[in-house]
Amino acid sequence: MIDPAWPESLFPEPRTDAQEGLYQHLVQSHTLIEDLGPIAQEAGVGTLVLSHMVPGNRPDSTWEGCGAGFDGRLVIGHDLDVVGVGAPA
């Protein structure tokens, strides 16, 4: 997912055609923070684990917004985290 504030800061308006293309690529190639919770809710996800967060240097508080509109558990992933899948044996 992507923090939309990041590409907006990289390519503030007005944008050249090339800048607009890069901006659109970034926001269309990733799920926006505000869209992720409702998508997970509709899919019936029990636990939403975040990975591939763009940019990767944002604090966890940035990614907490991904849980808006989602009733399940939100896990903000970090490098080398291990997350189990399925019911325990």
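Visitor: Which residues make up the largest nonpolar core?

Guide: A word on the model comes before the answer. This is a predicted model, in which local features need pLDDT of at least 70 and side-chain atom pairs count only at pLDDT 80 or more, while totals for chains, interfaces and linings use all residues. Residues are numbered from 1 along each chain as its sequence is written, and side-chain values use heavy atoms, with hydrogens and water left out.

The largest nonpolar core has 11 residues: Met1, Ile33, Leu36, Ala40, Leu48, Leu50, Met53, Trp63, Cys66, Phe70 and Ile76. A nonpolar core is a set of buried Ala, Val, Leu, Ile, Met, Phe, Trp, Tyr and Cys residues joined through side-chain atoms within 4.5 Å. Buried means under 20% relative accessible area, exposed over 50%, and partly exposed in between, with a 1.4 Å probe and protein chains only. The largest share, 3 residues, comes from H3.

Helix H3 spans residues 33-43, and its buried residues are Ile33, Leu36, Gly37 and Ala40. These residues lie on the same side of H3, because they cover an arc of only 95 degrees around the axis; the arc is that of the directions from the helix axis to the C-beta atoms. The buried residues of H3 pack against strand E1 (47-50) and helix H4 (60-63). Just after H3, Gly44 takes a positive phi of about 75 degrees.

Leu36 deserves a separate look. Leaving aside neighbours within four places in sequence, Leu36 is in contact (heavy atoms within 4.5 Å) with Met1, Thr31, Leu48, Leu50 and Cys66. A second, separate core of 7 residues includes Ile2, Leu26, Val27 and Leu32. In soluble globular proteins, nonpolar side chains tend to be buried together.

The protein has 4 helices and 2 strands, and from the N terminus on its elements run α-α-α-β-α-β. Of its 89 residues, 31% count as buried. Residues 24 or more positions apart account for 65% of the contacts with a separation of 6 or more.
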